[in-house]
Structure formats: structure tokens, C-alpha cells
Amino acid sequence: MRAGFPDFRLGNVLATSFTGTLSERHGNAVERIPTPHRLIDWLAVSGLAVDSCTTAQLNLARELRESIHDAATAAALQDALPASAVQVINDCSAQGRAAAILTPEGKRRWRLSSASCVEDALSVIAADAISIIAGERDGRLALCASPTCQAAFFDTSQSRTRKWCDMNTCGNRQKKARFNANQRENPRSAE
């Protein structure tokens, strides 16, 4: 990983992990893929290694990220999907040359074209977004309860009642804030 950049917040769902490359959207936004090389890093840790990335490809990746976020947010709120977001997702899905392969361990992995390019990786991310937004996978789209985050995430918990996109960040931050507020209101409760 390249020094000086914020850590990636990786989850189990490729499309919503990708939208997490911009976090704290309603607070002090944190851009986790500020440069083409940082996008290469994120794609590599997500199993979609590419050889290079241009500024134009980074801009396309960010456009896809925001389109997935917009469509997933609308789906979580049971609103109509934004037509422009749907168009970007569909275009990215159709542009790439990637194939699903089965590993000896029985897992699905993606094989990009021999001259792997960012568009191939983005097509995999777009296809993943389509599968969760279309309701083809077991789980539900939800929005993070953190007022500064409100990221769309895919809840696969047994009860489907998860509140935060990531318990280690948003969840802990909210619980700590609630604890501190309670301590200020009831200072003797710590004794």
C-alpha cells in the first residue's frame, strides 16, 4: 500500500465496498482513491488487478462509484432508481471483458482480459452492483445510521437489521459518542 493515504474500508460485497472509497459523504468526506495509482491498489486488494490507470479511467471509476451509490441509496429507500445512474452502471457493465472462473477451492473469482484494463475491472464492479440492486442476492440494501456517513451497504446479517456500514468505524464511533454523552449527563454512573 502507498503511504500517506487513508486505509481502504473493505467489505464482503464488491460494489458497496467500492462506494466506500468515498466515506463520510455528509461530514468531512474522505477520498480513498485520490490518484490513479491508488485505484490500482484498491482494485488489486479486491482481486481485480490491472496494469495501469489513467486520470480519465480514474474519473470513470469515480463516476461509476457515485452512480452505484445513487442507485443503491434509491433502492434502500425504495425510491425510483436515477436514470443517469442506471445508464452509467449498464454502460460500465457492458464495456469490460471479464469472466467468472471457479477456483479449486470452489470459490468464484474474476479473470480479466490478458491486457487487463480498468474498464474490465469496472465491468465486474458494475455487474456486482446490478446483482444487489436487482435483488438477486440474499440480503438487503440499507443506509448507514451514522449521520455523517449514510453509506449504502448490503446487509447479509441473519436478522437484516444491521445499522452501520462498518461496525469498526461508524458503529464504534456512534456507540462511543452515545457513551460519552451519557457520561456527561450522568457523571456518577462511571463510579
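How many of the 10 residues of α2 are buried? Seven of them are buried, so α2 is largely enclosed by the rest of the structure; buried means under 20% relative accessible area, exposed over 50% and partly exposed in between, with a 1.4 Å probe and protein chains only. The legends below take up this helix and other parts of the model.

The structure is a predicted model, in which local features need pLDDT of at least 70 and side-chain atom pairs count only at pLDDT 80 or more, while totals for chains, interfaces and linings use all residues. Residues are numbered from 1 along each chain as its sequence is written, and side-chain values use heavy atoms, with hydrogens and water left out.

**Figure 1. Overview of the protein.**
The protein has six helices and six strands; helices (H or I, at least four residues) and strands (E, at least two) are DSSP runs, numbered from the N terminus. In order from the N terminus, the elements run α-β-β-α-α-α-β-β-α-β-β-α. The C-alpha atoms fill a box of roughly 65 × 40 × 40 Å along the principal axes. Of the 191 residues, 40% are buried. Contacts (heavy atoms within 4.5 Å) between residues at least 6 apart in sequence join residues at least 24 apart in 55% of cases.

**Figure 2. Helix α2 and its surroundings.**
The buried residues of α2 are Pro36, Arg38, Leu39, Ile40, Asp41, Trp42 and Leu43. These buried residues pack against α1, α3 and α5. Just after α2, Gly47 has a positive phi of about 80 degrees.

**Figure 3. The largest nonpolar core.**
A nonpolar core is a set of buried Ala, Val, Leu, Ile, Met, Phe, Trp, Tyr and Cys residues joined through side-chain atoms within 4.5 Å. The largest nonpolar core holds 36 residues, of which Phe18, Leu39, Leu64 and Ile125 touch the most other members. At least two residues of this core come from each of α1 (14–19), α2 (36–45), α3 (55–76), α4 (83–95), α5 (118–133) and β6 (152–155). Helix α5 gives the most to this core, with nine residues. When residues up to four places away in sequence are not counted, Phe18 touches Ile33, Leu39, Trp42, Ala61, Leu64, Arg65, Ile68, Leu122 and Ile125. Another core, of eight residues, lies apart from the largest one and includes Cys149, Ala151, Trp164 and Cys170. In soluble globular proteins, nonpolar side chains tend to be buried together.

**Figure 4. The packing of α3 on α4.**
Axes are lines fitted to C-alpha atoms, for helices over the stretch in contact, and angles run from 0 to 180 degrees between N-to-C directions. Angles under 35 degrees count as roughly parallel, over 145 as roughly antiparallel, 65 to 115 as roughly perpendicular and the rest as oblique. From α3, the contact is made by Leu60, Glu63, Leu64, Ser67, Ile68, Asp70 and Ala71, and from α4 by Ala85, Val88, Ile89, Cys92 and Gln95.

**Figure 5. The packing of α4 on α5, and Ile133.**
The axes of α4 and α5 come within 7 Å and cross at roughly 130 degrees. This makes α4 oblique to α5. Residues Ile89, Asn90, Cys92, Ser93 and Gln95 of α4 meet Glu119, Leu122, Ser123, Ala126, Ala127, Ile130 and Ile133 of α5. Ile133, in helix α5, is in contact with Ile68, Ala71, Ala72, Ala75, Leu81, Ile89 and Leu141, leaving aside its neighbours within four places in sequence. Ile133 and Ala15 are 118 residues apart along the chain, and their C-alpha atoms are separated by 9.9 Å.

**Figure 6. Glu24 in the loop between β1 and β2.**
Glu24 is found in the loop between β1 (22–23) and β2 (30–31). This residue is buried, with a relative accessible area of 10%. Glu24 and Cys149 are 125 residues apart in sequence, yet their C-alpha atoms are 4.2 Å apart in space. Beyond its neighbours within four places in sequence, Glu24 is in contact with Ala29, Thr148, Cys149, Cys170 and Arg173.

Gln150 lies in the loop between β5 (140–143) and β6. Its phi is near 55 degrees, a positive value in a residue other than glycine. Gln150 is partly exposed, with a relative accessible area of 33%. Arg160, in the loop between β6 and α6 (167–185), has a positive phi of about 60 degrees although it is not a glycine.
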